[in-house]
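Subject: Model handover and notes

Hello,

Here is the model we spoke about, followed by my notes on it. Please read them with the structure open.

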Amino acid sequence: MTYAGKVSQFSAPKVDIAAKYKPWPPIDLPDRQWPSRTISTAPTWCAVDLRDGNQALIEPMGHERKLRMWDTLVGMGFKEIEVGFPSASQTDFDFVRFLIESGRIPDGVAIQVLTQAREELIRRTFESLKGVKCAIVHLYNSTSELQRRIVFRQDRAGIRDIAVNGAKLIMQLTKELGMEANIRHQYSPESFMGTELDFSKEICEAVMDVYQPTPDNKLILNLPLTVEMSTPNIYADQIEWMSRNIKNRDSVIISLHPHNDRGTGVAAAELGLMAGADRVEGTLFGNGERTGNVDLVILAGNLMMSGVDPQVDISDVNGLVRVAEYCNQLPIHPRHPYAGELVFTAFSGSHQDAINKGFKAIETATSPVWEVPYLPIDPKDLGRSYEAVIRINSQSGKGGIAYILEKEHGIELPRLLQVEFSKAVQGIADGEGVELSADRLWDAFTREYLDNGRYTFTSHQIVSDGEGEERTITARIRDEGVEKTITGVGNGPIDAFVAAMRAESGLDFDVANYREHAMGSGANAAAVSYVELRIADGSTLFGVGIDKDTTKSALKAVTSGVNRILKR
Ligand SMILES: CC(=O)SCCNC(=O)CCNC(=O)[C@H](O)C(C)(C)COP(=O)(O)OP(=O)(O)OC[C@H]1O[C@@H](n2cnc3c(N)ncnc32)[C@H](O)[C@@H]1OP(=O)(O)O
Ligand SMILES: CC(C)C(=O)C(=O)O
């Protein structure tokens with residue numbers, strides 16, 4: 001991406017911000033309880049992708065996309081799914097009919113349909129529900145002071161009447177159609193956040209008087225954060241206030257429906273649950289009006305991370321991303337919590353080092369507790385792999401490079417070799433300014449250590465002197481492609497080969513350290529050897545060799561080290 005524009009100078013805004021926007025007044029709830037509560041069980045979930053999510057799309061879902069979303073939500077284990085606004089469009093109406101007529105609604109799953117409190121819309125909604133086994137009819141009208149004044153131009157009593165009349169018609173049709181056993185009821189005072197609490201209580205209780213809920217047949221009171229206009233603690237206070245003050249609390253389910261205008265929809269939902277709510281409406285990855293609905297995948301992931309079973313299946317997050325992107329025709333951001341392509345990836349060196357050490361610690365841990373720095377949740381629990389956890393660019397360090405080489409190629413670089421090789425990688429990454437793939441990293445390692453210069457080791461023979469420790473080596477090497485035979489004497493094959501290479505190259509060096517380990521297993525197992533060579537000036541450098549034969553891998557490592565001294 002290139003930037004061709006000119007950065008304009010920042011100048012103070014001309015608007016009088018303090019006069020134009022007002023802080024949200026605090027809620028009078030001095031003995032609020034929610035700040036000291038924790039969430040210990042999953043709420044009842046209601047997925048509203050097919051309604052609130054759908055109504056916010058550039059291109060609303062057609063039948064095929066709706067069905068794909070429906071099957072996914074059912075598969076995840078949602079038991080309440082808002083499937084549309086059947087009186088609003090033929091597509092929504094037909095989809096509800098299809099679900100009912102095709103028998104596609106599993107037992108235990110309720111479809112939810114939304115309607116305004118308008119007679120023709122309510123009647124049409126009931127038409128769509130003929131034959132349904134279990135549905136929630138969701139009635140809403142807007143109640144905030146702003147909406148009352150600007151949109152409805154009605155006082156509180158007028159707004160209350162809209163809701164009550166809507167509820168009465170719904171009750172009447174439920175009875176007339178003999179659907180009492182099949183229909184549950186939900187009421188939303190839309191724009192609840194902007195509604196005075198005493199009026200929210202008044203209108204909800206007026207609606208309750210119509211529905212007559214009981215502890216066995218509860219009314220869902222959905223208190224939406226239709227537009228998020230304040231910090232999430234205000235919503236939590238409002239929810240706690242309602243939960244404490246609404247009459248017959250045991251006959252209602254308090255439901256949250258947060259939007260995300262200020263980017264704190266998830267926090268609002270979580271604090272709302274701490275404040276006493278029982279249920280949450282939201283969508284996969286937060287699709288929905290404006291900045292979206294609350295993201296159910298994040299909420300479920302957050303529960304998991306806190307040790308609470310979310311009661312919905314998010315174990316294939318990549319699959320969910322594919323469905324959401326297909327159905328909504330909107331992309332998921334690479335940094336989207338839990339789901340984004342980059343959220344389990346570390347580029348920066350110190351993070352990579354810590355993750356690498358964390359993975360090693362987990363391998364030998366006796367406790368099942370997940371403890372990997374910078375990875376608050378195990379990507380595997382979301383169906384994400386460890387493959388992309390560490391990626392290399394100029395911000396990366398030795399730990400990350402070592403992690404990739406170990407994971408992809410089974411080689412465990414000694415610490416000092418990690419430091420040495422990371423400088424080479426840094427040089428390449430800085431020079432190219434791009435990410436280095438695992439293949440590119442291996443290529444760099446090969447050029448630096450494995451196929452790295454003038455000499456190539458070919459074969460050897462060892463002869464013992466038969467008495468003490470002395471060994472004579474006769475080795476075949478190639479010197480810039482030319483076959484040569486060299487000999488040397490030492491107290492073992494490495495020592496003897498070092499003597500031979502010293503004589504051949506004219507260099508003064510000896511072996512400061514040697515380590516080898518197996519790479520892979522079974523018939524394909526090989527040995528990788530690391531030799532640290534000390535040069536006359538006291539400095540050291542590494543050579544690396546890989547071969548099925550342990551001795552050969554060591555001799556190759558010496559050859560690699562000699563090539564590197566020569567390049568210096
Ligand atoms: C916050 C939310 O997400 S609420 C859900 C919103 N979703 C949608 O609106 C998507 C689907 N909606 C639609 O397709 C259309 O709005 C329809 C088909 C439902 C209705 O369409 P129309 O009647 O043509 O128009 P429109 O929606 O503009 O109607 C506005 C009228 O309904 C009234 N109204 C709005 N909401 C409600 C309500 N919940 N209950 C009763 N009346 C309402 C308004 O006051 C306004 O009345 P007025 O015409 O007397 O001024
Ligand atoms: C209908 C209601 C619940 C709604 O969608 C909202 O307030 O955002």
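I start with a strand pairing towards the end of the chain: M519 has A526, in β13, as its bridge partner. Please keep in mind throughout that this is a predicted model.

The sheet with β12, β13 and β14

The pair to which that bridge belongs is β12 and strand β13 (residues 526-535), which run antiparallel and are joined by 10 bridges. The sheet is open and has 3 strands in the order β12-β13-β14, with antiparallel pairing. Its edges are β12 (509-519) and β14 (540-547); each has a single partner strand, so one side of each has no neighbour in the sheet. Ignoring direction, neighbouring strands of this sheet are turned by 20 degrees against each other on average. Helix α18 packs on the sheet and touches β12, β13 and β14, its direction making about 140 degrees with that of β14.

The sheet with β9, β10 and β11

A second open sheet is made of 3 strands in the order β9-β10-β11, again with antiparallel pairing. Here β9 (455-464) and β11 (482-490) are the edge strands; each has a single partner strand, so one side of each is left without a neighbour in the sheet. From one strand to the next the twist averages 20 degrees.

β9 pairs with strand β10 (residues 471-479) over 9 bridges, in the antiparallel sense. In this pairing S464 is opposite R471 of β10. Helix α17 (residues 493-505) packs on the sheet with contacts to β9, β10 and β11, and its direction makes about 125 degrees with that of β11. Helix α18 (residues 550-567) also lies across β9 and β10, running at about 135 degrees to β9.

β10 and β11 run antiparallel and are joined by 9 bridges, and T472 is opposite V489 in β11. The hairpin of these two strands has 2 residues between them, and E480 takes a positive phi near 50 degrees there.

Two further positive phi values

Most residues other than glycine have a negative phi, and most peptide bonds are trans. S191 is not a glycine but has a positive phi of about 60 degrees. S191 lies in the loop between β5 and α8 (197-211), and counts as buried because 22 C-beta neighbours fall inside 10 Å. Q212 is not a glycine either, and has a positive phi of about 55 degrees. Q212 is in the loop between α8 and β6. Is Q212 buried or exposed? Q212 is exposed, with 12 other C-beta atoms within 10 Å.

The two ligands

Ligand 1 has 16 residues around it, and the closest are Q55, A88, Q116, A117 and N141. β4 (135-142) and α6 (145-152) each give at least two residues to this shell. Sorted by class, the shell around ligand 1 holds 8 nonpolar, 4 polar and 4 charged residues.

The residues around ligand 2 are D52, L114, Y140, S188, E190, N222, P224, T226, H257 and H259. Two or more of them come from each of β5 (183-190) and β6 (219-225). By class, there are 3 nonpolar, 5 polar and 2 charged residues in the shell around ligand 2.

Helix α5

In helix α5 (residues 119-128) the buried residues are I122, T125, F126 and S128. These sit on the same side of α5, because they cover an arc of only 155 degrees around the axis. E119 and E120 are exposed on the other side of α5. The cover over the buried residues of α5 includes α4 (90-101), β3 (110-116), β4 and α7 (156-176).

E420

E420 is in helix α15 (residues 415-432). Leaving out residues up to four places away in sequence, E420 touches L541 and F542. Between E420 and D443 there are 16 Å in space, C-alpha to C-alpha, and the two are 23 residues apart in sequence.

Regards

Note on methods:
Residues are numbered from 1 along each chain as its sequence is written. Chains are lettered from A and ligands numbered from 1 in the order in which they are written. This is a predicted model: local features need pLDDT of at least 70, side-chain atom pairs count only at pLDDT 80 or more; totals for chains, interfaces and linings use all residues. A residue is near a molecule or strand if its C-beta atom, placed from the backbone, lies within 6 Å of it. Helices (H or I, at least four residues) and strands (E, at least two) are DSSP runs, numbered from the N terminus. Ala, Val, Leu, Ile, Met, Phe, Trp, Tyr, Cys and Pro count as nonpolar, Asp, Glu, Lys and Arg as charged, and the others, Gly among them, as polar. A residue is buried if 20 or more other C-beta atoms lie within 10 Å of its own, exposed if 12 or fewer, and partly exposed in between; C-beta atoms are placed from the backbone. The arc is that of the directions from the helix axis to the C-beta atoms. Two residues are in contact if their C-beta atoms, placed from the backbone, lie within 7 Å. Two strands pair if DSSP finds at least two bridges between them. Axes are lines fitted to C-alpha atoms, for helices over the stretch in contact, and angles run from 0 to 180 degrees between N-to-C directions.
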